[in-house]
Amino acid sequence: MEKHEQSGFVKIEDVCPSKRGKLNLDSVRAEIDKANGPEYWRSLEELAGNPEFQQALHREFPKGASEWVESVSRRGFLKVMGASMALAGMTGCVKLPLEPIVPYVRQPEDVVPGRPMFYATALTLGGYASPVIVESHLGRPTKIEGNPQHPASLGGTDIFAQASLLSMYDPDRSQSVTEIGDLRSWQAFVSAIRGPLNAQKALQGAGIRILTPTISSPTLADQMRFFLKAYPQAKWHVWEPVNRDNVLEGAKLAFGQPVETRYDFSKADVIVSLDADFLYAGFPGNVRYIRDFAARRNPDANMNRLYVIESGMSSTGAKADHRIGTTFRGVRAFAFGLYYSAVHGGVGQVSSNQAFATTLGHDLIGRQGSSLVIAGDHQPIVVHAVAHAINAKLGNVGKTVFYTDPVDANPINQTESIKELTADINSGKVDLLIILGGNPAYDAPADLDFANVLKSDKVPLRVHLGLYDNETAELCHWHVNQSHELETWGDARAYDGTVSIIQPLIAPLYNGKSALEFVAFLNGQDDPSGHDLVRAYWQKQHTGTDFEAFWRKSLHDGWIEGTTFTPKSPPFEFRYDEPSPSGVIAGDSSGIELNIRRDPTIYDGQFSNNGWLQELPKPMNKLTWDNAILIGPKMAERLQIASKDVLELELNGKTVKGAAWIQAGHPDNSITVTLGYGRTRAGRVGTGYGFNAYALRTSGALWGASGVQIRKTGDTYNLASVQGMQSMDTPDGAHRPLVRETTLAEYHKDPNFAYDEEASPTPGLSLYKPYDYKDEAYAWGMAIDLNKCVGCNNCMLACQSENNIAVVGKEQAELGRHMHWIRVDAYYQGDRDNPKAFFQPVPCMQCEDAPCELVCPVGATNHSSEGLNDMVYNRCVGTRYCSNNCPYKVRRFNFFLFQDWTTPQYKMIRNPDVSVRSRGVMEKCTYCIQRITEHRIDAETATVREGKEIKIKDGELQTACQQSCPANAIIFGNINDPESQVSKLKAQSRNYSLLGELGTRPRTTYLAEVRNPNPELES
C-alpha cells in the first residue's frame, strides 16, 4: 500500500493480478453502450451487465473482502490475531461485564419498571423546530418519534431528529468549562466575565459583539433584546453556513419586506420545483410537506404532478413526473423561461429548455389556484422573486402559497452580518466576542479567513458556548459546554410559526448551560433556570386567567395553541418586463460550474461526529462516511475520470482535493460538492473523513460558481458506497423487475399491470410444513407503497435507534458489512445521463416459506404462529447459512464486536426491550417483535380485566419504520382482519410480491409506482 505524503490519499495495490483492470471506466462504458443490463439498475456496473457484477450477485460480500490487503500474509494474520480472536470467543459468546443492581429505596408513584414514559418536546435545525415525542425508560431517553398532534409534523420525523438522540449521548461532547484548554469551573468563568461586562457599561456595549446561529425562540429573542437595551451599542450578528439569505432577499425583491413562504401541497395539482429538494430532511417544513405531497400520489384519486428542474440528482428529482437536470445557471434560465410562459404567454427564447418551459407554463395556467412553484434555498435571489411572481399571476397566493412573518427572530442577511463582524474585528472595534453555538472558524466563507482573524488576538476576550470543543472553541479564550436540547428548557417556532415548548428529558449530563440560560446570565441573573425563564416569558404573553392550566396543557401537547402565524398579503412589487434578459440562456455560461450543497446526512458538519448519520447512505449514490466530487457520466467520459479518482479542484486561487464519484443523472459541465467534511476537531467519529468544501466557498458565491478547474492527481481514494451491495438476483430481470411502475394513463387502462401469479407449493411436495394462519388471532404483514416513498431514509434511522443496531465504521461498510435491518434501494431506469429513479425500502420479507429456516443447523431462525420469521440470538452460532439462502439479502452478521460495551453513555441509549447482540450472531428485521409483544400483553391484560376478548386495534400497533415515515408509505397490521388498512392495501391491484416467483410467499408486499406525466411532453 503506497502512501502519498503530499496528498494524504492512499493508493491500494490490487489484491492479486487476476483482479487488475476489473470494472474500469472504459470497460463499463463499452458494455453500457451495448445495453446488456436490466431495465432497472442500481449502479453503472449493473447497467453494463458486467460479468464481474453478475458474479458478485452470487457472493454475500465483494471480492477481496476476506483477503488481507496490507503487506501481511494470511498466515501471518492468523498468527498475529489468533490469540486475540480466541480471547474474544470464536463462538460469538462474549462475556459482558457484571454490574451491581441498585434497587429503589422508594419507587416513584408515576414510574412502572419496564414501562416507558413519553414526553412532548422539540428539536431545532436551522432555527426551525421539529415537534417530537421522546420515549424515556426510567429517566433515559431512548427513542424519538414525531408529535402526531402538532400541525407541523402530524407524527412524522426526519433523520436529523432521529439521530439527535445519539448526539446527546455522544461521549465526545464538551463536558466542562475551559480556559485556553485548561479545565475551569463555571464560577471561574463568571468571575472572569464580570469585569469586561462592567467595563462595557460605560461604553454602552460598543465593544461587544454576539454571534448566534438562526434563532426562532421567542424567549431567547426576548433575552437578546433585553441585553441590547442594557448595551445599546452592542451588535447581534447571525451566521449559519446553511442559511436562507436568498429566500428572504428574494422576498424583499418581490414584496419589499422579508416574509416566510409556506406551501400547502395537499391542494396543489401541479408542483414545480426550481432546484428545491423539499422532500428531504433539512428543508424547513419538509416533514409536513412530504406527508401532504405523498397523500396526493394516489392514482385512484386526484393525483398530483411534479416537475423538477435541478442542478443535481436529488430525492425530490427522483419522485418527479418530469425532471430536467441542468446547470445551476440553467435553473435560473429556466425560471425566466417559465416566467415568460406563465405570466406573459411566452416571449422569446429565454432558456435552452424553452419548449419544455412553454408546455409546463400551459399546464400551470390550466391549474390556476391549484398549483405552486417553489425555489430552492440556494437559488439566486431573482429566482425566488420570479417564483413569487408566477404564484401571484396564477392566483396561488392564499390557496396553495401563504406568506407570514419570518420564523427567524432576527431576519437579517447572515452573509453581510458575518462580513460586518469580520470587518469590525479587523478594525479593532471588538473587545468582547461571544459566540453562542455554531462553528464559524470552520464554516465561515473562505474569503473572510475567519479562523485566522480569531487567531490574530485582535479581540481581547473571546467566549464560545457550544456542544463540542470544536475548531472555533480552540481559538477562543473561554469555552463553556452547552447542554443538548433534550437536556434543557426552551421554546422554538416550527416552519408555520407554531411555538413548541422544549422540555428536558434528562438532567444535563455534563452540567452544561443552554443559550437561553447563558444570555440570561449576561443580563445579570445569577444562576438562571431555563424552566423559570420560559415560564416567566409565557406568563407575560398569556392573556387568560388560568395560566397554570394553559402551561400544563402546553407542556402536555408540546406546543402552544394559537401561536401559528396568520397568513398575510404583502403588496407585490417585483417587475421584470425585459423580453429577453441579457445572459440568461444557460448556453452563455463559460467554464465548468461548481455546485456547493449541504450534505444529505451530516448537513453543514454539525452532525460530523454522529455515527448513525455518517453511516446512513446518502439517498442517491449511497455513499457513507465521506463526501465526493459528484460528476455526470458524459463529463466523466470526456475528462477520462473514474469513480474514486482523486481530483484537485481550483477556484479563485483556492484548491481542495477529493475523490470523484460518477453520479447518474448529474448535469453535464458541472460538479457538485457537499459541505460538512474535512473536520479537524469533530470528535473521534467525524475527524478526518472527506474533504473540506468550505475552502472553495466565498461570501460572494455561497452556493455555486463558474470557472472551477479540475485536475487528476493520479491517486485513488476508497469510497464506501452500498449502492451495488445486497443486489437481489432476479432470474428474469427483463420481465419480472424488482421495481414495477407505469404511467397514470396506462394504469387506468390496465390496473393489474403489476400482478404476477405467485408460485404456490404443490401439496405433499413442499419442504415446508403447511400451517393455516387464518386460525390465529393475528397474522402480521406489511405493505409498502412505492408511490409514496420519497427515499428520505428516515425508516433506517428509526430502525437503528429502536433496535440497538451498531455502527460498523467505514472499513467494514466498504466490505458490505453494514448492519442496517432495512435498506432503501435506489433504482434507475433509462438514459444514464437523465434517468428516472425509484426508491424501494427492503426489510425482511417475513416469508411464510422462508428459505433461511430450512438450512439453519441450530434452529436459530423459526416461524411463529403469527407468521413472523423470528431470530433466537442465543442459539445462533454464526454459520451464515441463512444469509446465503436469503434471496432478498436482508440478513446482517456481526463479524466483530461492533457494540460498544464500555462507554457508559452508550449503555444509556439502548432500548431495554431489545436484546443487544454481540459478535458472531445473525441479525435482521422482526417487524419490531418487542412492540408486538407489548401490545399483545396489553390486550390480554385488558381481556382479563374487562371479562371479554380485547384485540389489538388496527393502527394502534406500529413498527418503528412505519411510525417515523413522514410519507405514510409503510403500513403494518393484521392481515387476518379484512378491514385492516394493510389488508385493504394488499387487496389493491397494484400490490405485488418481491421475487414472488420463487415461492417464498413474503408477508411484505409492495404497491407498484404510478407516474403522472404530462401527455404533451410524453408525446
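Let's start at one residue. Asp269 sits in the loop between strand S11 (260-263) and strand S12 (270-274). Before going on, two notes on the model. It is a predicted model, where local features need pLDDT of at least 70, side-chain atom pairs count only at pLDDT 80 or more, and totals for chains, interfaces and linings use all residues. Residues are numbered from 1 along each chain as its sequence is written, and side-chain values use heavy atoms, with hydrogens and water left out.

A word on the labels. Helices (H or I, at least four residues) and strands (E, at least two) are DSSP runs, numbered from the N terminus.

Back to Asp269. Is Asp269 buried or exposed? Asp269 is buried, because its relative accessible area is 16%. Buried means under 20% relative accessible area, exposed means over 50%, and partly exposed is in between, with a 1.4 Å probe and protein chains only.

What does Asp269 touch? Leaving out residues up to four places away in sequence, Asp269 touches Arg296, Asn302, Asn304, Arg305, Arg367 and Ser370. Contact here means heavy atoms within 4.5 Å. With Asn302 there is also a side-chain polar contact of 3.2 Å. A polar contact is a pair of N or O atoms within 3.5 Å; within protein, one must be able to donate a hydrogen and the other to accept it, and residues adjacent in sequence count only if both atoms are side-chain atoms.

Now the whole chain. It has 32 helices and 42 strands. Of its 1019 residues, 60% are buried. Take the contacts with a separation of 6 or more: 74% of them are between residues 24 or more positions apart.

Next, a sheet. Strands of a sheet pair through backbone hydrogen bonds, either parallel or antiparallel. Here 4 strands form an open sheet, in the order S39-S32-S41-S40, with mixed pairing. Two strands pair if DSSP finds at least two bridges between them. Which strands stand at the edges? They are S39 (970-974) and S40 (991-993). Each has a single partner strand, so one side of each is left without a neighbour in the sheet. From one strand to the next, the twist averages 30°.

Look at S32 (residues 780-785) and S41 (residues 1004-1007). They pair in the parallel sense over 4 bridges. In this pair, Asp785 stands opposite Leu1007 in S41.

On to helix pairs. Two packed helices are described by the angle between their axes and the distance between the axes. Axes are lines fitted to C-alpha atoms, for helices over the stretch in contact, and angles run from 0 to 180 degrees between N-to-C directions.

Take H19 (residues 530-541) and H20 (residues 547-557). They pack at an angle of about 125°, with axes 11 Å apart. That makes H19 oblique to H20. For the cut-offs, angles under 35 degrees count as roughly parallel, over 145 as roughly antiparallel, 65 to 115 as roughly perpendicular, and the rest as oblique. H19 passes H20 in a right-handed crossing. A crossing is left-handed if the near helix is turned anticlockwise from the far one by less than a right angle, and right-handed if clockwise. Who meets whom? From H19 come His531, Val534, Arg535, Trp538 and Gln539, and from H20 come Phe547, Glu548, Phe550 and Trp551.

Now H5 (residues 159-168) and H24 (residues 794-802). Their axes come within 9 Å and cross at roughly 25°. That makes H5 roughly parallel to H24. The crossing of H5 past H24 is left-handed. Ile159, Gln162, Ala163 and Leu165 of H5 make the contact with Asn794, Leu797, Ala798 and Ser801 of H24.

Two loop residues next. Ile180 is not a glycine, but has a positive phi of about 50°. Its loop runs between strand S7 (177-179) and strand S8 (182-184). Ile180 counts as exposed, because its relative accessibility is 61%. Trp625 is not a glycine either, and has a positive phi of about 65°. Trp625 is in the loop between strand S23 (623-624) and strand S24 (629-631). At 4% relative accessibility, Trp625 counts as buried.

Last, a helix residue. Leu248 lies in helix H8 (residues 245-255). Leu248 is buried, at 11% relative accessible area. Its C-alpha atom is separated by 9.3 Å from that of Thr261, 13 residues apart along the chain. Not counting residues up to four places away in sequence, Leu248 touches Pro258, Val259 and Pro411.
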